[in-house]
Structures are given as structure tokens and as C-alpha cells.
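Work through the exercises below with the sequence and the coordinates at hand. Each task is followed by a stepwise solution.

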Amino acid sequence: MNIIFLGPPGAGKGTQAQLLTKELGIPQISTGDMLRKAMREGTKTGLEAKRYVESGGLVPDEVVIAIVRERLAEDDCKNGYMLDGFPRTVPQAEELAKFAHIDVAVDLDLPDDVIVHRLSGRRVCPGCNATYHISQLGGSDKCPNCGETLIQRKDDSEETIRNRLKVYQEQTAPLVDYYKGKGILRVVPCTGTVEENFALVKKALEA
Ligand code: AP5
């Protein structure tokens, strides 16, 4: 099954995709993770992406489309995949349709005030890529999974979060209607716990 996770920043796309990877055995393809890795490694793509990612803007379509096209051609995508954070504009979705067949688009729905709370408390592991909220960590700054010191993403400051939300409304929200028009949209309200939301996501995929 080829799945897209839509939804505003902080809706829980990465969290749900990581759980679903374990359940379905198909890879999570996060353009955000791929761009941050390229930035850490100082590649040409990383250097080009840096100013957009750190300010909460969108990286140009052609850059992101190229890395997704290349990634989907890899062997582990043959039996299905989950796209997390791609597409993010209608032109990206139109281009994706030329080289991939998507079965379902899951839209994770969440109000802005909850998003700001979740993202300003997010900590990520640079070692194993796990994501946590400070409320889960009991004051520790170590990854419960691998022991690495957790970090806060540069784009998780309140000012940048507000810009990401604005960019989402202007450029990404139209994808909800785009996939509704294709008859493959499933909307999942995500105000519950991680486990409650995961149950709703699985139900939406079964429908
Ligand atoms: P990206 O990394 O994709 O960021 P995003 O879409 O803003 O999404 P996030 O990763 O912030 O949130 P999420 O929905 O995955 O939530 P998470 O599960 O972590 O992109 C970053 C940047 O890269 C973009 O701004 C852009 O510049 C660039 N980019 C990427 N893709 C691009 C594209 N296609 N085109 C152009 N540019 C692109 O959860 C958030 C927090 O909430 C965590 O702390 C988590 O522990 C917590 N949480 C999750 N679920 C719950 C729950 N149920 N209850 C309580 N806490 C919860």
C-alpha cells in the first residue's frame, strides 16, 4: 500500500508513520528527515535547503521532487511506502502522480494551539531519529531508545512554528481538496493520545 500522510506541522505525521512502519513493514519516507540529513552532511541539496528549512518556508518543488523520485526507485519501496511531509504543494502532488500510484492520503487534523504546544516541547534523537515530547521524558535529555542526547529542532521555536502554520495554510492545505477530489482522502482527528490516534489511523486505512 502506498500512503501519504498529510496534516499541519506537528500533527503527528512522523510519530504515526514510525508506528505504522513497525506494523506494516514498509518504509517511512520523510522529506523533512532527508533534508535535515543533507544539511548535516553539507551536500549541495542540504546547502540549498538550509535557509528554507530553518525559517519554516518550503524548499523549492524541483529539489524535493528529485529526492523523492530517487528514493521511491529504491528496492525497499517495491511493496509499499509511507510519504511523510510530501507532497506539500499542488505542483508536487501533480508531479508525484506522474511517477507513483497513491492508494490513500491520510489527513491528520489538529487545532493550532495544540500544535504549538506539541512542537515547542518536541525533542528528537540525532542517533535513531525517535521523536518525543518533553512531557514523556521525566526531565531527562537522553533518548530512552538509544541513550543519545536529545536535541530541539531549530525550526521548533515559537516564531518559526507560527510561520510554518501560515505556510501550511497557504500552500499545503489545498492538498486536502486535491486528494478529496481523487476519492482517496481519509481525515483523522488527532487530538487524542498517540495510541488512540494510531487506532484511528489503522481504522482509516482499513476503510
Ligand atoms: P518536516 O520535518 O516534514 O516538518 P513538519 O511537516 O513541519 O512536520 P513535523 O515533523 O514538524 O511534525 P509531525 O507532523 O511529523 O509531528 P511529530 O510526529 O514530530 O519538514 C521540515 C521542513 O522541511 C519544512 O518546514 C520545509 O522547510 C522542509 N520540507 C519538508 N518537506 C518538504 C516538501 N515536501 N516541500 C518543501 N519543503 C519541505 O509530532 C510533533 C510533537 O508532538 C512530538 O514532540 C511528538 O512526540 C508529539 N506528539 C505526537 N503525537 C502526539 C499526541 N497524540 N499527543 C501528544 N503529543 C504528541
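**Exercise 1.** Is Cys143 buried or exposed?

The model is predicted: local features need pLDDT of at least 70, side-chain atom pairs count only at pLDDT 80 or more, and totals for chains, interfaces and linings use all residues. Residues are numbered from 1 along each chain as its sequence is written, and side-chain values use heavy atoms, with hydrogens and water left out.

Step 1. Buried means under 20% relative accessible area, exposed over 50%, and partly exposed in between (1.4 Å probe, protein chains only).
Step 2. Cys143 has 4% relative accessibility, so Cys143 is buried.
Step 3. Cys125, at 1%, is buried by the cut-off too.

**Exercise 2.** Find how many disulfides the whole structure holds, and explain the result for Cys125.

Step 1. A disulfide is a pair of cysteine sulfur atoms within 2.5 Å.
Step 2. Searching the whole structure gives zero disulfides.
Step 3. For Cys125 the closest cysteine sulfur belongs to Cys146, 3.5 Å away, which is too far for a bond.
Step 4. Cys143 is in no disulfide either: its nearest cysteine sulfur, in Cys125, lies at 3.7 Å.

**Exercise 3.** Give the strand order of the open sheet and identify the edge strands.

Step 1. Strands (E, at least two residues) are DSSP runs numbered from the N terminus, and two of them pair if DSSP finds at least two bridges between them.
Step 2. The five strands run in the order E2-E3-E1-E4-E7, with parallel pairing.
Step 3. Strands E2 (28–30) and E7 (185–189) each pair on one side only, as edge strands.
Step 4. E4 (residues 104–109) pairs with E7 over five bridges in the parallel sense; Asp109 has Pro189 of E7 as its bridge partner.

How values were computed: Helix = DSSP H or I, 4+ residues; strand = E, 2+ residues; numbered from the N terminus.
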